[in-house]
Structures are given as structure tokens and as C-alpha cells.
Amino acid sequence: MSEQGSRGTPYAPHTAATTTEMLDAIGVDSEAALFDIPASVAFGGQFDIPERSERETRRHVESILGRNDDLTALLGRGHYDHYVPSVVDDLASRSEFLTSYTQYQPEIAQGFLQALFEYQSLLVELTGLGVANCSMYDAATALGEAATLSQRVRSVSGDRVLVPEHLREGKREVLGNYAAGPGVTVDTYPMADGNVDVDGLREAIGDDVAMVYAENPTVRGTIEERLGTVGELADAHDALFCLGTDPVALALLEEPATVGADVVVGDASSLGTGTAYGFGLGLFVTREEYLRQVPGRLVGAAEDTSDRRTYTLTLQTREQHIRRERATSNICTNQAWVALRTAMHAAWLGPDGLLDLAESCVTRARDLAAEVDEIRGVSAPVHDRHHFREFVARTDQPATAVRDDLAEEGYAVHAVGDHEIQICTTETTEHAVDDFVDALAEVAK
Amino acid sequence: MRYSQARWTDDDERYEPLLSEKSTAEVSTDDGPLPDDLTRDSLELPDLSEPELARHYTRLSQMNYGVESGPFPLGSCTMKYNPSFTEDLAAPPAGAVHPDQPQRTTQGTLELLYRLQDYLGRIGGMDAVSLQPPAGAAGEFAGILVAQAYHEHNGEDRSEVVIPESAHGTNFASAAMAGYDVVSLASDEDGRVDLDALDAAVGEDTAALMLTNPNTLGLFERDIEEIADIVHDAGGLLYYDGANLNALLGRARPGDMGFDVMHYNVHKTFATPHGGGGPGAGPIGVTDELAPFLPTPQVAESGGGYEFAEPEHTIGKVHGFYGNWLVLLKAYAYIARLGDAGLTDASAKAVLNANYLAEGIDLDIPFGPFHHEFVASAGDRDAADFAKRMLDYGVHPPTTKWPEIVSEALMTEPTEVESKRTLDQLAEAFDAVAGEDDATLANAPESTAARRIDQVAAARDPCLSWHSLANE
């Protein structure tokens, strides 16, 4: 079966002769003799998984994935598609990056450490806050880690976390799982016309609140207008203000530091990776005063014995491999390579390109909403706000019927209410937008 | 074998300059599509051409070391070769599906996930698998949450998780994150679980014992059945840390040993690239009894197709979407390529290589018999210095100073991918360093991009961005 003619792993170089030589050197007569496993728990190796050649494996996997329908996805709600330039794939795929490990030996890993230092710096610039870590898994787990941070910060009291009424259910569940350990409960505050209902938040908040979470843009695509007030409310109750966002939005929207954010979380893979079934990159940035309570890996500048500037993982006494059950988090393996891609993509765009991209997220959503609003049976946007990438539209027909009929036509949108669909558009769907509007006009009648 | 890493040096102060030191520009957000009160004022970022970026990152890559550069026997990390073809399979657009697409339009993705659940179940001897945890530690956390939900469902209030002292630090942190008190368990003089100590440690408060098998010394816990009985008799569950599963493929399965819940480190056992610190994936497997508590959703077969299903008493989600999809895709491809024979052979060669290397090194290597890894002692030398000198020989050194049961530990895991010739060179590197004087070790490395770095000073005065560099 195997093109290399062996029955065994194609990724071990042993010949029968070298195997024998090695066994002789050890002083045993078979590989089986090396295993110190009681017979009562030994297994005979029959998984019933066939061996395949590389060519066969590729065909096998490609044929499975070929069963996906080719849709134009006008989908967002926390997972976004932007065009990733070839140079990112090319450079990130260099094996010295891709096949390396966490930088426990910094002298031999300067390249990756510097790239992560640059990634951290990018987030510091975008947020105005002092400390960015090397990554969390995704936006939801980063939010969960923010909630546990609120329990370690001395200036904060309380064991309730407030989240907006409009939030991805999955994100709320992950937060709930992270918050449960330290005994934190998750409560909701209301939204008004897509944005934080500041009066509602004022009623919901109390001195037992440890963290207030808001998103900008929101999960329904609206741009928040009163974040400064949210920050003041959190501050007045000794609660952390945690803001969820992404690096493209940060290039244009209010700087988190200026609205009083204490922690910024979100998905940063919208730069560098694009659509990948929810595969993401949790960004985590916070104020310098919480430095020693930060979860995850940090890269710091250092000097070597030639007195040149170098980089190293630092403040590792916060981490699980040293602090064990008193660590700030259990995270070990994170999303470093995804962060590398994000930094590369941001650097490729440069400040002009990144700002242009962010502005196009506003104008594309605005323009498409206006076009959709012209369609009989649809009105958009539902919320009288500025939007970023996506917006909610009201349909006369049931939203699920519109969604399913659109799927038949080759377009995917979200159904987010009985008569509400959500549409996301970026440069990657630009070519399809006109035909989409025609299709929506057909199915929405 | 000797090595000289590329070293790009800008001047007496620095090596490759930061992006921000090459060229930056500041842009204003005035005249944009939003009112000024909703925008930031300006944005200052590096501003380089694509050719300049290509050179920057190529240089950085040259000042980095991966599995394709040379041997990487980092203990407990299973740094094996990452097959190239899996990268091609995961490249866009194959993996580029939005997670909110209707399930009937993503049947290919769902089928692949279903098949991977099934394969992992067979490999671990587990009845049900969740692919959602995005790394090993996330798998531990999810697995412990499942155990917690199981106990709570049975009306049991158990507050402790028992963990051997030699376990990975993540075990302790994961249990604590789930709200448990951690009970640490000393090893016996053979480096394994001390049954008397275990007997004394477990009781009505025990939610679970977390165990790595083979343990971090490379030793199989021979008394595993008795261990399982002790824990189960106390009403606790047995958790398997899959970090060392590469030692056992085809020879033993956690499910057959009495484990109730386990995680798999696909970036170790199933050869997905570690990417300089991730992404990984940490699926968990459980017995039928625990399956109703798994994270949601599971992928189920239904009428010739595939669909999401919610376990009856699910703990909910542990990742915002469906886990690290691209990593799972590569892991599936690796398993499908190797099959029974390849997987079993991978472990056989990994164990052969570890034992052959241990035989060839003149350092003291206590305990045994070893499986996929062993822990050598640097003796009266500082293990950290020892490791730094190994860099000059073109070897990524072992994990150092851990587990603490061996003094000045050099925890070494060559994996199956090294040849006899490379293992001989590795052994020579160990022995050569052992024969060098203290000053040489203290001054090492000399041939890496950077010379010895002062990590203590870096932690004393943290500087974590180019902004704080500029302020110094």
C-alpha cells in the first residue's frame, strides 16, 4: 500500500537491519519486549483503521471535504473573512516557524519571539493598553479568562459578571464554564436598538459585580456610542470593564483605553487566517497594573551577553508549569502561530491599508443595507446605528424560510429572530453582492 | 555534529530590527465614514513594502529552530515530524467553511469530524469523543468539568482532585480552574504511584485522580488496575493525561486500563505542527457513563448524513465554535495515512529510539524501564547550562529541571522520527557536553542567533512592547 513499501509509519527512518542493531545495543530481542505493560491491559493493535498511501489519503480526505456545498457565506457573528495575502501563507509556512515549539530556549528561538513581541506591540498600539499576551484560544475563552482575572485583581470585588443581552450563546456558555470554578455567576443586561441600554445597565449593576462585558462592534454589527459611560459605570462599582472587539475594528473605532476598558478580548484571526470553521485567535490585552495576574504567555525584551537586545518568554512564575494550582491560568499550548499570521497580515496592510479595510467594513455594510432596504418585503438596517461588516434586516417572510431559500440559491445568511436575518459583507464577498441582492429579492417576496 | 544559526545583526545594540524600527507611518481617521466621537484619532503602525516584510520574516525564521531544522528531543512534548501533505489538505479553501453555515451544506466537514471522533475513540478505547477543546490543557479542563457534572448529577459533592507530584503543571491548574482543591501525591521509590499513599489520599471527597501513563519519567504505571480499583472504590473517576500517548499506540488503551475520561494531544501524538506554541487540539474521550455530559455539540450520524447532537446533560461549550478545526483536519489525515500498522509502529519506534538513546548516553539515568522518554541527570552540572551548550551541537535540548524527582533533570524524548545515526549524534552531544568544563557551559550558547539571555533581568523589569522600549 505504502509507496515507500513498508508496513509501518512512513515517518520513521528505521530499516530492519538498524532496528535489529538498536535492539541488540539495548539488549532485548524485540520491540515488544521494550513495553512494560501487564498482559491484562495489553492491546493487540487492531483499531481497524486502514493504512493508506499519501496519495490515497489525500484523495480520501479531499473526497470527504468535497461533500461541502459551495456557498457564498454572508456570515459573521464573531467569525469573519478578510482577504489574506499569499505572502502570509508563504512566510508563516516556513518550517522554522511552523514546526517549532514554545520558546523555552530563547537563544535558538529569537525569530518567533521577536514576531510575538511585535504581535503584542501591535495590540498595544490598537488598544492603548499596556500589556498584550501571546494569545488565548479564541474570543470566548479569552472572555472566560477575563472573568477569572476579575477574581484575582484586588481593586475589584464581587462575584457577578454582566454580559449583554445580545451575545453568541456559545460565548456565554464558555464564559459560564470558566466563571463557575471561582464561583462567579453570569447575568445579563439589556440592549436598546442594538447597543448597550445604559439605563438598563445602571439598574443591573451593583457592588457585587466584578466585570461588565460589552462588545464593539456588537454581535449584531452595530457600533457602540456610549462606551465611555459603560466604563464609568463599571468603575463606579469597582468592576472591570471588559471590551470585546477585533483588530480590524480597533483600527477605526474608539480606542479601548480612552473609554476606560480594563481588559480587551476578542478574535484576532480575522486578520491573517480568514474563515476556518471557527478556528480563531483569542486576543487578550489589559492594563499594566494587572500584569502579574495576566493569563498566558508574555514575551519581553531582554539582553544577551553581547549586550544586544533579545526577546524571551517572561514572568513565567504566573504560569502553570511553575505555579501549578496557583497559576493565573492552565493555558500552555496557545495559538502562537495564528498570532504570527495576524502580525504578518497587519504589517502587510500597514496603517493606511488597515484603516482602509476598517472603513470599508463600515461603508460596505451601510451600502448593502441600503440596497437590501430597497427590496420589497425587507427593511434594513433594523437598528438605527452605524454598522461594521454586518447588520440585521427585517423580513416579512419567516427568517428561517428566507435563510433556507437563500441557501438553495447558494448564499448563507444568519436567521437571528422570527423575522430577522443578519448579513455580513467584506471584500471577500464583493463580487457576489449584486447577485445576492437579486436572490434576496426573489426569496423575500 | 555542530551548528551555527543565522545571526542577522543590525549594530552593537540589536539583531534584526523591529518592524517599528524600520519604518512607521501615522494615519488620521478624520474624513472617514464615522462621526469623530465614535473613532480613534490616529493610528501609528509599521509601514513596509511586501519585499521588506518578506525579508524581515525570512530572517526571523532563520533565527528560529524547528523539527525540520534538527533533532528536538524535548521531553513530554513529542516533537515529531509534521507531514507536509497535511498542510496542503488544510490549506484554503478546503478548510474555509463558516461555522454558522447550515449543517446540510457542510456535510463534508461534519463527516470528517465524525470520523475523527470515531478513530480517536478506537485509539483510546473510549466510547465517545468530543473534539472541541482547543489544546491539551483545555482538554483537561473540559474533562474535569465532565467529571464534575457527572458527580453533581449523581448528587455527589466531591471537592478534591488527586494528582501525582510528577504530573504536568497543567493538571494542577486545570483542576483548580474547575474549583477543585488539589491533593498532591508523592511517588514511590521506583518513580511510580505509591499505592499506600494513593489509598490514604482518596476518599469520599475525591472527584478524580489525574494520571499520565507512562508517567513523566517514561515509566508505565504497572499497577494501573489496582490504581483504578482504589479510585473507583472511593467513588472517584480516573482521568488520563494523553501527553504521553505516543508511547502506547496499539499496545495499550486508556479505556482498557480503567480510565473514565482522557484527553488526546493531537499536536503531539498525531503530528500536527506545534507552531511555536500552538495551535494544538485536545479532544477528550469518555466512557458511556460520562458521554451524556460531554461538551455540545457532538457530531452524530443520521439518515446517511451527519448532524450536530446535544448530549443530554452537556456541560455546554468550552470553545466559542467547534474547536481548532484546521488542526483536527491535519490530525485526521495523519491517522488515516498511518492506519493500524503505522500507528503501532510509530510507538514501537518511539520507544525503541528512547531506549537506544538512553543506552548510548554516559549520564546517570535513574529508574526504568523506559517507554517513549527518559530523564537523565546532569549530575553536578546545572541542567540549564547543560542544555544551553547542547544548542551549539545543533540539538534542541531536553526539557530541563523537571520532573524534580531527578536532580538536574534532562527529560528526553527523541520520538520515532530520528534515525540511528541521529541518535548516535545526539548521544555524542550529551557526552561531549558532559565532558566540557563549567566555564564553557556557563558561556554557552555561542553559535545561536543570540548569546545567553538574562531572563531574570527581563522578568525584573518587564518590557513587553515596542512602546515600552521607546520609553526606556
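Two residues are in contact if their C-beta atoms, placed from the backbone, lie within 7 Å. By that criterion, residues 24 or more positions apart supply 71% of the contacts in chain A with a separation of 6 or more. The model is predicted: local features need pLDDT of at least 70, side-chain atom pairs count only at pLDDT 80 or more, and totals for chains, interfaces and linings use all residues. Residues are numbered from 1 along each chain as its sequence is written, while chains are lettered from A and ligands numbered from 1 in the order in which they are written.

**Chain A**
- Chain A has 14 helices and 17 strands, taken as DSSP runs numbered from the N terminus (helices H or I, at least four residues; strands E, at least two).
- The C-alpha trace of chain A spans about 80 × 55 × 50 Å along its principal axes.
- Of its 445 residues, 61% count as buried (20 or more other C-beta atoms within 10 Å of the residue's own, with C-beta atoms placed from the backbone).

**Contact between chains A and B**
- Chain B contributes 170 residues to the contact and chain A 159 residues.
- Helix α9 (residues 325-360) of chain B provides the largest share of the chain B side, 23 residues.
- That side of chain B divides into 90 nonpolar, 48 polar and 32 charged residues (Ala, Val, Leu, Ile, Met, Phe, Trp, Tyr, Cys and Pro nonpolar; Asp, Glu, Lys and Arg charged; the others, Gly among them, polar).

**B:Ser174**
- B:Ser174 lies in helix α6 (residues 169-177) of chain B.
- B:Ser174 counts as buried because it has 36 C-beta neighbours inside 10 Å.
- Not counting residues up to four places away in sequence, B:Ser174 touches A:Asn330, B:Ala137, B:Glu140, B:Phe141 and B:Ile144.

Notes:
Buried ≥ 20, exposed ≤ 12 C-beta atoms within 10 Å, placed from the backbone.
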